[in-house]
There are 2 protein chains.
Amino acid sequence: MKRSNRLVALTNFFLENPRQHTQLPYFVSNLETTKASVSEDLDIIDTVFQKEGIGYLQRTTGAGGGVQYIPEFNNGRNKAFINDLCRKLEDPVRILPGGYLYMSDLLGDPKTVREIGSVFASSFSKMDIDVVVTVATKGIPLAYSVASFLRVPVVIVRRDPKVTEGSSVSINYVSGSSRKIQTMVLPKRSLTEGSNVCIIDDFMKAGGTITGMINLLEEFNAQVKAIGVLAEADDEEEERVVENYTSLIKISNVDLKEKNIDVHPGNFLTNSMDGN
Amino acid sequence: MKRSNRLVALTNFFLENPRQHTQLPYFVSNLETTKASVSEDLDIIDTVFQKEGIGYLQRTTGAGGGVQYIPEFNNGRNKAFINDLCRKLEDPVRILPGGYLYMSDLLGDPKTVREIGSVFASSFSKMDIDVVVTVATKGIPLAYSVASFLRVPVVIVRRDPKVTEGSSVSINYVSGSSRKIQTMVLPKRSLTEGSNVCIIDDFMKAGGTITGMINLLEEFNAQVKAIGVLAEADDEEEERVVENYTSLIKISNVDLKEKNIDVHPGNFLTNSMDGN
């Protein structure tokens, strides 16, 4: 196969299989070429991926050595995406009765969901995550997006047990906003004991739901390595019960009378800028 | 930019933006090259995409002409994937009390979910779908996967209204298996009147849930163009109320005593083979 054709095939392979460690002989045989040629192909792809800001190829040498695509998106791209999201959310037509914000259109767009996932995955890339956990319903697409970049499975916590999932572990917790006692359920089969977990959700106010998830995950001896929420609401009346989390945006004021919404970047940007 | 670098950048662009129509001057300017060179690049990418069985580049000429990547995966690849899924589901450790099958591990794997979506999207590629509709919870990841290939949004039907989604339309329907009256809700804002809809769900028995969705969608004057279910259960006692649907697999017998499960390819394979 010619270099030009190999580059297209290899680029497709890496994008479809992020974080999959592959040995060079696999490519040599599949692409009918030499190890030296594959090696040069990988250099070209690595250069372009870095230039495009979508990550890099990580190569290991020696016996069992190979290559994997690490999807770490660069800060400039992430910052532009978050600022764009803030502008979209500030549109006053989003204001719903009760001071809530309509976000289903953004969460319903697969491309936006994929970008949100890529931002979180870049942030959690080096945390050795085994599984992404979310709670039904709105966090689900975000969780899959993050998990696809981290190459780990998704586990969904439910509010009610389902007969199609077998025996479950459940906990009760007090919801932050409604002060009601709620239930969370996780099928026993779904999570291996002692897993490194990343929690993903769409929205956090006081953090009651996430605290509930943390408590439920303790029953599985899981380590919560990272918490990512798309939007956090800044509510001065309520104290936040969750401390270490990453938010992409912060909704600080929904003024029903003036039809005004204040949306700012969340702590993701400030944190990642420090580290850059 | 050199051809080799351009090919990597362009391949990434097309895979990230399926069905997005882009005019050639965009590439000419972004890649700092000539129209003739871009045109040759597109020929190479089209050839490799077709060889890999992941679709093709569709080009239109004249004013406003351009190119888009149509992700239609070939039947050989789809068939191999479905047969592999059948083998995985036949494992007797999946049998749960009540004759249900544990499938959460497969539905929790982002790569499997992406492949399921690519199969449906290949099948529905020419149907002019405007939106993918699913019902919470398990169909959600599948719906996003299909939608990402079709480049359309996802709308999620819920069992209960949420205050964060504004005013809603709801219907009651009789569940096929439990014979109970259930509710389905769709926020008014979420679906444009008269949309061409594709319904996606993970599992269908008699089809009560999908009939409920069809009834709810009638309230929005939607046209149901396609129905895709991952697994259908063959139940001789119950008559199926939904007729035109595409299933990837068919579970025909779960024998609790003998610990035996019969899983076969669904009607997707027989239908697509006819058309090939």
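**Entry 1: a salt bridge inside chain A**

I started with A:Arg77 and A:Glu115, which form a salt bridge with their closest N and O atoms 3.4 Å apart. My note on the term: a salt bridge is a side-chain nitrogen of Lys or Arg within 4 Å of a carboxyl oxygen of Asp or Glu. A:Arg77 sits in helix α4 (residues 75–89) of chain A and A:Glu115 in helix α6 of chain A, so the pair ties together parts that are 38 residues apart in sequence.

The cut-offs I used are under 20% relative accessible area for buried, over 50% for exposed, and partly exposed in between, with a 1.4 Å probe and protein chains only. Over all chains, the salt bridge count comes to 20.

**Entry 2: what I am looking at**

This is a predicted model, so I noted its limits: local features need pLDDT of at least 70, side-chain atom pairs count only at pLDDT 80 or more, and totals for chains, interfaces and linings use all residues. Residues are numbered from 1 along each chain as its sequence is written, chains are lettered from A and ligands numbered from 1 in the order in which they are written, and side-chain values use heavy atoms, with hydrogens and water left out.

**Entry 3: a glycine in helix α6**

I stayed in chain A and clicked on A:Gly117, which is found in helix α6 (residues 110–123). A:Gly117 is buried, with a relative accessible area of 0%. Which residues does A:Gly117 touch, not counting those up to four places away in sequence? I found A:Ser145, A:Val146 and A:Phe149, where contact means heavy atoms within 4.5 Å. I also checked A:Phe73, 44 residues from A:Gly117 along the chain, and their C-alpha atoms are separated by 11 Å.

**Entry 4: where the chains meet**

Next I looked at chain B against chain A. The contact takes 51 residues from each of them: 51 from chain B and 51 from chain A. The two chains bury about 4400 Å² between them, and 61% of that is on carbon and sulfur atoms. B:Val8, B:Tyr144 and B:Arg189 supply 14% of the area that chain B buries against chain A, more than any other three residues. Buried area here is the accessible area (1.4 Å probe) that two parts lose on being put together, summed over both.

I counted 2 salt bridges across this interface. In one of them, the side chains of B:Glu16 and A:Arg114 meet at 2.7 Å, N to O. B:Glu16 lies in helix α1 of chain B and A:Arg114 in helix α6 of chain A, so the pair joins two chains. B:Glu16 is partly exposed at 27% relative accessible area, and A:Arg114 is partly exposed at 26%.

The largest share of the side of chain B that touches chain A comes from α1(B), with 9 residues.

**Entry 5: an arginine in α1 of chain B**

I then picked B:Arg6, found in helix α1 of chain B. B:Arg6 is buried, with a relative accessible area of 5%. What holds a salt bridge with B:Arg6? That is B:Asp41, with the closest N and O atoms 2.5 Å apart. The pair links distant parts of the chain, since B:Asp41 is in helix α3 of chain B and B:Arg6 in helix α1 of chain B, 35 residues apart. B:Asp41 is buried too, with a relative accessible area of 0%. The side chain of B:Arg6 also makes a polar contact of 3.5 Å with that of B:Thr33.

**Entry 6: the two domains of chain A**

Last, I noted that chain A is divided into domain 1 (3–70) and domain 2 (75–274); the bounds come from an automatic or database domain assignment. Their C-alpha centres lie 33 Å apart. I found 6 residues of domain 1 in contact with 7 residues of domain 2. The area buried between the domains is about 550 Å², of which carbon and sulfur atoms give 41%. In domain 1, A:Pro18, A:Arg19 and A:Gln20 lose the most area to domain 2, together 71% of what that side buries. Between these domains I counted 0 salt bridges and 1 residue pair in polar contact, both residues at pLDDT 80 or more.

Methods
Helices (H or I, at least four residues) and strands (E, at least two) are DSSP runs, numbered from the N terminus. A polar contact is a pair of N or O atoms within 3.5 Å; within protein, one must be able to donate a hydrogen and the other to accept it, and residues adjacent in sequence count only if both atoms are side-chain atoms.
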